[in-house]
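Reader: I am new to this structure and would like to know what stands behind the terms used for it. Please show it, and I will ask as we go.

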Amino acid sequence: MKVRHLIILLPVFFLNCLTGRQASLKPARVVPTPQQVIYQQMELIGFVHFTVNTFTDLEWGEGTESPQIFNPTQLDARQWAQTAKNAGMKKLILTAKHHDGFCLWPSAYTEHSVKNSPWRNGTGDVVRDLADACAEFGLCFGVYLSPWDRHEPTYGTNKYNQFYLNQLEELLTQYGEICEFWIDGAKGENARDMEYDFDAFWDLVRRLQPNALMFSDAGPDIRWIGNEHGIAGETNWSMIKRDGIVIGKADQKYLNSGDAEGTHWVVGECDVSIRPGWFYHPSEDDKVKTPQQLVDLYYKSVGRNGTLLLNIPPDRRGLFHENDVAALTEFRSILEETFQNNLAAGAQVTASNQLGKLSPELIVDDDFNSYWAASKKTKSATLEILLPEKGTFDRIMLQEPIFLGQRISKFKVQVNTAGEWKDIAGGTTIGYKRLLKIEPVQTDRIRVVIAEANATIALSEFGLFKASERESDF
Ligand code: FUL
């Protein structure tokens, strides 16, 4: 190195030391897009299954239903959006077309739609109503356009892919911002053979709505969690090896846990219905999940690094049923009570080591964007948290700064009671959020031991909470 170079580089080096910039946390091998980070912070999404099935009492329509049967008497998409908002949801996804092929918007490419129904004399458009209501209530809006179409005559021929693309283009261009495009691989046993041109579907969405995230078994952006019970694996990586997964034939266990070695960031979305069926059936009015069951699902989805996509099917009036609304209201109220008071807020935190200025107090500053990181050389690290005073808690929350990747693969939490450290909880992955339920414990000293990680260890937030009494009704 020439002296001339040293004269230039030395001041830069000292300046970096002063600002701590030399010790920043490098992104992991696979990281999310900014849209995927925002998506995961949404946590709760509502799903709206509504079509001719609502009026025929079926789950999978035949495709032969007359549009004449679609006639909600009081359809009010604002009531759906208002309910979702009150429940803490950030987005609503509508079945614009389910497997029966009936379109909830007046598509120019088929007669099998609302335009031939008696509802509002054929002038109604459910997609429009919900897109507008979402905009009014500050919710994102997404669409489910079923590839399997039991009505469309071209289904089973190559022409169908173009038909599907035409319909998709209508949805992507006529209703403002679409932030999630949702499709599945469901197909009945007797369905005609049909190879969907998924690549063309993805390309169209990327081109017309570049910020939209796309859901299927294999992403590209959001993956099915592998079951319809709303439950993520206790180990749940946001990465998978996306290539090679066949939509409709994916390995459900693999989707449930993700893959530490995965090549792409494809967040797991946990779909489940508030009732046994996806569509409304009067016989299920007394089978709505209880608020406690819904809270439990929150722990098993959002609390395991996923998002919860909760279906609420409008009834024949075109309204969310009173029983569903009541369950959602109480669900929200319980979550708010449980998580309103973080006992660890403002605690004194020390760490076995730290990277540059990324100090341990940053895990109790209520700011997801700031984080503590351990020094690059360590494969494990310990944080010790001293609460301002002794407190009783039975819920633990950990969060990783996922915008720089997901790293931790083994951790445990210990408490000090009567001078001894005792393990009270532990697990494998953390990701965006990990929630743990434990028996109530009273202490002011807690340790987080991170035993394994596949890149430099970092934590964004840590929380201790006392669950609402109403949670325990479950
Ligand atoms: C499945 C469909 O077959 C169900 O009817 C429902 O829409 C569910 C969310 O996805 O694949």
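This is a predicted model: local features need pLDDT of at least 70, side-chain atom pairs count only at pLDDT 80 or more; totals for chains, interfaces and linings use all residues.

Reader: What makes a positive phi worth a remark in E43?

Author: Most residues other than glycine have a negative phi. E43 is a residue other than glycine, yet its phi is positive, near 65°.

Reader: Why is E43 called buried?

Author: Buried means under 20% relative accessible area. The value for E43 is 12%, so E43 is buried. In α2 itself, the buried residues are Q36, V37, Y39, Q40 and M42.

Reader: Why is R120 called partly exposed?

Author: The term covers what lies between the 20% limit for buried and the 50% limit for exposed. R120 has a relative accessible area of 38%, and therefore counts as partly exposed. R120 also has a positive phi, near 50°, and lies in the loop between β2 (91-97) and α5 (126-137).

Reader: How do you know that the peptide bond joining G219 and P220 is cis?

Author: Omega of that bond is about 20°, and the bond is listed as cis. Most peptide bonds are trans. P220 is in the loop between β5 (213-216) and β6 (222-224).

Reader: What makes α6 roughly parallel to α7?

Author: The axes of α6 (residues 159-174) and α7 (residues 198-208) cross at roughly 20° and come within 10 Å. Angles under 35 degrees count as roughly parallel, so α6 is roughly parallel to α7. The crossing is right-handed.

Reader: Which residues of α6 and α7 meet?

Author: From α6 they are N161, Y164, L165, L168, E169, L172 and T173; from α7 they are A200, F201, L204, V205 and L208.

Reader: Which domains make up the division of the chain?

Author: The chain is divided into domain 1 (32-339) and domain 2 (348-468). Their centres, taken over C-alpha atoms, are separated by 35 Å. The contact takes 24 residues from domain 1 and 23 residues from domain 2.

Reader: How many residues has the largest nonpolar core, and which have the most contacts inside it?

Author: The largest nonpolar core has 78 residues, and F70, W80, L130 and F181 have the most contacts inside it. Domain 1 (32-339) and domain 2 (348-468) each supply at least three residues to this core. Another core, of 30 residues, lies apart from it and includes A347, A381, I396 and V415.

Reader: Which residues is L130 in contact with, leaving aside its neighbours within four places in sequence?

Author: L130 is in contact with V48, A77, W80, L92, L94 and F141. Contact means heavy atoms within 4.5 Å, so each of these residues has heavy atoms within that distance of L130.

Terms used: Residues are numbered from 1 along each chain as its sequence is written. Side-chain values use heavy atoms; hydrogens and water are left out. A nonpolar core is a set of buried Ala, Val, Leu, Ile, Met, Phe, Trp, Tyr and Cys residues joined through side-chain atoms within 4.5 Å. Buried means under 20% relative accessible area, exposed over 50%, partly exposed in between (1.4 Å probe, protein chains only). Domain bounds come from an automatic or database domain assignment. Axes are lines fitted to C-alpha atoms, for helices over the stretch in contact, and angles run from 0 to 180 degrees between N-to-C directions. Helices (H or I, at least four residues) and strands (E, at least two) are DSSP runs, numbered from the N terminus. Angles under 35 degrees count as roughly parallel, over 145 as roughly antiparallel, 65 to 115 as roughly perpendicular and the rest as oblique. A crossing is left-handed if the near helix is turned anticlockwise from the far one by less than a right angle, and right-handed if clockwise.
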